[in-house]
Amino acid sequence: MAAIRLLIFVLLIISSCRQSDQRGSLDALKEVPLRYAEGFSLFRGENYYIIEIIQQDTENQRFLVQDKQESIELPELSIDGKIVAGSHKIILSATPQVAHLDYLDAAENLMAFPDLDLITSEKVRKSINDNKIIDLGKGPAWDLEKIIDLQPDWVMVSGFGETSQMENRLKSAKIPVLINKEYQEKHPLGRAEWIKITGVLLGKMEKAEVIYTEIADNYQNALERVSQIPSQDKPSVLSGSMYKDIWYAPAKDSWAAKIIGDAAGQYLFDQIEGRGSLTLNYEFVLDQAGQAAYWIGAADHTSLGSMVDQNPKYSDFEAYKKKKVFTYTLGRGETGGYRYFEEGYLRPDLVLLDMIKILHPEKADEHQFRYFQKLED
């Protein structure tokens, strides 16, 4: 027994040392305070920032972002890449990152993107139509040789799926690859706070701070509108839709479930653990949410008729019968993308106001829907 205790103690010491080694000399730097984000940290040195992106299964990523292209004295610290602030050659992989460029007045810096049809930004679409942005194709298989030929200042990829091969290949070509895991944030304002990383990379941290502060303040002001609504007056909400035989719906700790709750709605699957998407069977959903007052986020259907054409089972739900079904299809781009999946993750304050207008319209009289719309026949 004593030997086991000694082994556990030794393992704890080793683990502590590894964490200390990984942190290196970050403690000597000034940490930039964050309000909600948990997936990254920022540290300020003299004429540079250190971006640290938290990885759960591997070592954290660290990037040195210099104010200028000059030699600087850097603390003893392992880094995954050096970047000069104010980058003008950027490649991204997900539409929420495009919204960051839009808001930071850097849309013209985007060189390439996979599946250009998904982008709704008017500024970026103009560049696409002028053939200034290269389409990297659809799906996860990027043309890495094309990216290397373009020699971007940095590439930001979403943390979904396997990224290590891409990261290693581009890293060997001296191209920094930042793995964006904003989708793992627990709070909507945590996800929006990732604009600060983009701000640092673009040399526009002050502008990013101003934008984020306004978003966070707006969110809190929206919360106050419904803070006094008693539990019995919070309407029940169903979310999600079926694909083949599976019903996909937001899990308890997901971005969407959090906003429904903040809008004084009673999300009917908020007891099922998870951050991402739930996979449920139809019978369970009908039993638990068949009488829900509202159905919010019913995929990208354009009418009630198109819903039952795709799946007649939808007509079994009370929200469908009473025509209280809302989708995120307002703000569709010219090539089929949706504003909700681009700007919406940066603007949870506007998503929240949309939700409040759906569930408690008297609390958001003046607000004009930005992402959601009610389906009609």
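Student: Where is D117 found?
Tutor: In the loop between β7 (110-113) and α3 (122-129). Helices here are DSSP runs of H or I with at least four residues, strands are runs of E with at least two, and both are numbered from the N terminus. This is a predicted model: local features need pLDDT of at least 70, side-chain atom pairs count only at pLDDT 80 or more, and totals for chains, interfaces and linings use all residues. Residues are numbered from 1 along each chain as its sequence is written, and side-chain values use heavy atoms, with hydrogens and water left out.

Student: How does D117 count on accessibility?
Tutor: D117 is partly exposed, at 34% relative accessibility. The cut-offs: buried is under 20% relative accessible area, exposed is over 50%, partly exposed is in between (1.4 Å probe, protein chains only).

Student: And which residues is D117 in contact with, leaving aside neighbours within four places in sequence?
Tutor: R125, K138, T335, G336 and G337. Contact means heavy atoms within 4.5 Å. There is also a C-alpha figure: D117 and G333 are separated by 8.3 Å, yet they sit 216 residues apart along the chain.

Student: What share of the chain's contacts join residues at least 24 apart?
Tutor: 58%, among contacts between residues at least 6 apart in sequence.

Student: Switching to salt bridges. How many does a search of the whole structure find?
Tutor: It finds 20. The criterion is a side-chain nitrogen of Lys or Arg within 4 Å of a carboxyl oxygen of Asp or Glu. One of them joins the side chains of D102 and K123, at 4.0 Å, N to O.

Student: Why does the D102 and K123 pair tie parts together?
Tutor: D102 lies in helix α2 (residues 95-103) and K123 in helix α3, so the pair ties together parts 21 residues apart in sequence. K123 is partly exposed, with a relative accessible area of 44%. The pair also belongs to a network of salt bridges linking D102, D105, K123 and K207.

Student: What about E273 and K252, how do their side chains meet?
Tutor: In a salt bridge of 3.2 Å, N to O. E273 is in the loop between β14 (266-267) and β15 (277-280), and K252 is in the loop between β13 and α9 (255-262), so this pair ties together parts 21 residues apart in sequence. E273 is exposed, at 54% relative accessible area. K252 is partly exposed, at 32%.

Student: Now D349 and R347. Is D349 buried or exposed?
Tutor: Buried, with a relative accessible area of 1%. R347 is buried as well, at 11%. Their side chains meet in a salt bridge of 2.6 Å, N to O.

Student: Over to helix α5. Which of its residues are buried?
Tutor: M166, E167 and L170, in a helix that covers residues 164-172. Seen down the axis of α5, the buried residues fall within an arc of 100°, so they line one face. That arc is taken from the directions from the helix axis to the C-beta atoms.

Student: What do the buried residues of α5 pack against?
Tutor: β4 (61-66), α4 (144-150), β9 (154-158) and β10 (177-180). The face turned away from the buried side carries exposed Q165 and S172. Just after α5, K174 takes a positive phi of about 65°.

Student: Last topic, the cores. Which residues touch the most other members of the largest one?
Tutor: I51, L178, I197, W247 and W295, in a core of 97 residues. A nonpolar core is a set of buried Ala, Val, Leu, Ile, Met, Phe, Trp, Tyr and Cys residues joined through side-chain atoms within 4.5 Å. Helix α8 (residues 205-226) gives the most to this core, with nine residues. A second, separate core of 17 residues includes L144, V157, M166 and V177.
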